[in-house]
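Good morning, and thank you for making time for this presentation. Please look at the sequence and the structure together as I speak.

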Amino acid sequence: MSADALPATKDEQGAPPGGSRGTVRRSLPRRLAGRPELGAIVGAVAVFVFFSVVADSFLQWSSFSTVLNASSTIGIMATPVALLMIGGEFDLSTGVMVTSSALISSMFSYQMTANVWVGIGVSLLATLAIGFFNGFLLVRTGLPSFIITLGTFLILQGCNLGFTKLISDTVSTKSIGDMEGFPEAQDVFASHLTIGDVDLQVTVLWWLGLVALATWILLRTRAGNWIFAVGGGKEAARAVGVPVRRTKIGLYMGVAFAAWISGQHLLFNYDVVQSGEGVGNEFLYIIAAVIGGCLLTGGYGSAIGAAVGAFIFGMANKGIVYAQWSADWFKFFLGAMLLLATLLNWWVRKRAEAGA
């Protein structure tokens, strides 16, 4: 096998597709131009300046904390979704998986009259099992991840509604706010940290922690090499000894773990859970990852880029409110940002490849 056929390593992951090991010796401006998150950072600056001009209250510290809180709930999921996309796969079940995680935790605790931490533990095992199922079915059958996770999406959506109505006779869970362990669990998953005018949800800390962990995995571990390799070409990766099956299953379980965190926040922030929540959120996670520089074809992207993409989502979501525009324009703005960011990332990569 020629050197060009070898899968990408972590020394090359910041370079555009098609780069070689020699790209690490390029000048600093060219290396920066080849980073996946560059386009997202430029877009984030543009969005920040735009809403700073059209909305006076956007620059207040209290507004900034609201933006961070909104970004974190998307960013927690966008981070592992970005890693999964770098590995060349999709997961359309993420939105309802978050709700499933919350429902399992709530209903198990309520029905068994157990400490809520028991329900949290059961929910973790069940959610990880869903992620394992997605990954195992993918590597076992070779079917497209779009089809497999679409099927999981429909199964979970039906189970969420069916079991909730069967057990609770309504479309929402019973309150568990008075159960043992609830205050402690709320501190972990839904507490607030207030510093002056800044009121941050604990989800911001979860988000930043996951971004740091994912970045370390991609840049400093053998698993990071494997993720880029299987996304760039699984057959070439398998030929040089990369554990393709284990890597893909691990990526899906990583997504499931983040869904468990988000689900527990949903439950302990509101006490009850509506069984129909989460539908459509899977696209927001993918949009954040794509805006952050992840390619739909795999093998390219970064966790930091996905975090910036989630931050853009938070700024757009709250900036429209502060500008006193109709919320009906939010999806238009988000779609425009997706297209502009994708075009900008494409242009940056082309320039980087031309100058390599």
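This is a predicted model: local features need pLDDT of at least 70, side-chain atom pairs count only at pLDDT 80 or more; totals for chains, interfaces and linings use all residues.

Residues are numbered from 1 along each chain as its sequence is written, and side-chain values use heavy atoms, with hydrogens and water left out.

Let me start with the whole protein. The protein has 14 helices and 2 strands; helices (H or I, at least four residues) and strands (E, at least two) are DSSP runs, numbered from the N terminus. Of its 356 residues, 51% count as buried. Buried here means under 20% relative accessible area, exposed means over 50%, and partly exposed lies in between, with a 1.4 Å probe and protein chains only. The protein exposes about 16300 Å², and carbon and sulfur atoms supply 66% of that area; accessible areas come from the Shrake-Rupley method with a 1.4 Å probe, and for residues only the protein chains shown count as cover. Among contacts between residues at least 6 apart in sequence, 76% join residues at least 24 apart, where contact means heavy atoms within 4.5 Å.

Next, the interior. A nonpolar core is a set of buried Ala, Val, Leu, Ile, Met, Phe, Trp, Tyr and Cys residues joined through side-chain atoms within 4.5 Å. Which residues of the largest nonpolar core touch the most other members? They are W207, F268, I312 and M315, in a core of 86 residues. Helix α3, residues 61–86, gives the largest share of this core, with 12 residues. Apart from this core lies another, of 5 residues, including A229, A237, V242 and V244.

I now return to helix α3. Of its 26 residues, 21 are buried, so the helix is largely enclosed by the rest of the structure. The helix has a kink of about 35 degrees centred on G75, the bend at a residue being the angle between axes fitted to the seven residues ending there and the seven starting there. After α3 comes G88, with a positive phi near 90 degrees.

V81 counts as buried because its relative accessibility is 4%. Leaving aside neighbours within four places in sequence, V81 is in contact with T94, V255, Y285 and I286. V81 and G254 are 173 residues apart in sequence, yet their C-alpha atoms are 8.6 Å apart in space.

In helix α5, residues 116–141, we find N134. Is N134 buried or exposed? N134 is buried, because its relative accessible area is 0%. Its side chain makes a polar contact with the side chain of T152, at 2.6 Å. A polar contact is a pair of N or O atoms within 3.5 Å; within protein, one must be able to donate a hydrogen and the other to accept it, and residues adjacent in sequence count only if both atoms are side-chain atoms. Beyond four places in sequence, the residues that N134 touches include D91, S93, M97 and Y252.

S109 is found in helix α4, residues 94–111. S109 is also buried, with a relative accessible area of 0%. Not counting residues up to four places away in sequence, S109 touches A114, N115, V116, G119 and M179.

Finally, let us consider the loops. D197 sits in the loop between β1 (192–195) and β2 (198–201). D197 counts as exposed because its relative accessibility is 61%. Leaving aside neighbours within four places in sequence, D197 is in contact with W61, S62 and S65. D197 and W61 are 136 residues apart in sequence and 6.1 Å apart in space, C-alpha to C-alpha.

T113, in the loop between α4 and α5, has a positive phi near 45 degrees and is not a glycine. At 67% relative accessibility, T113 counts as exposed. Q324, in the loop between α13 (303–322) and α14 (330–355), is likewise not a glycine and has a positive phi of about 60 degrees. Q324 is exposed, with a relative accessible area of 72%.

Thank you for your attention.
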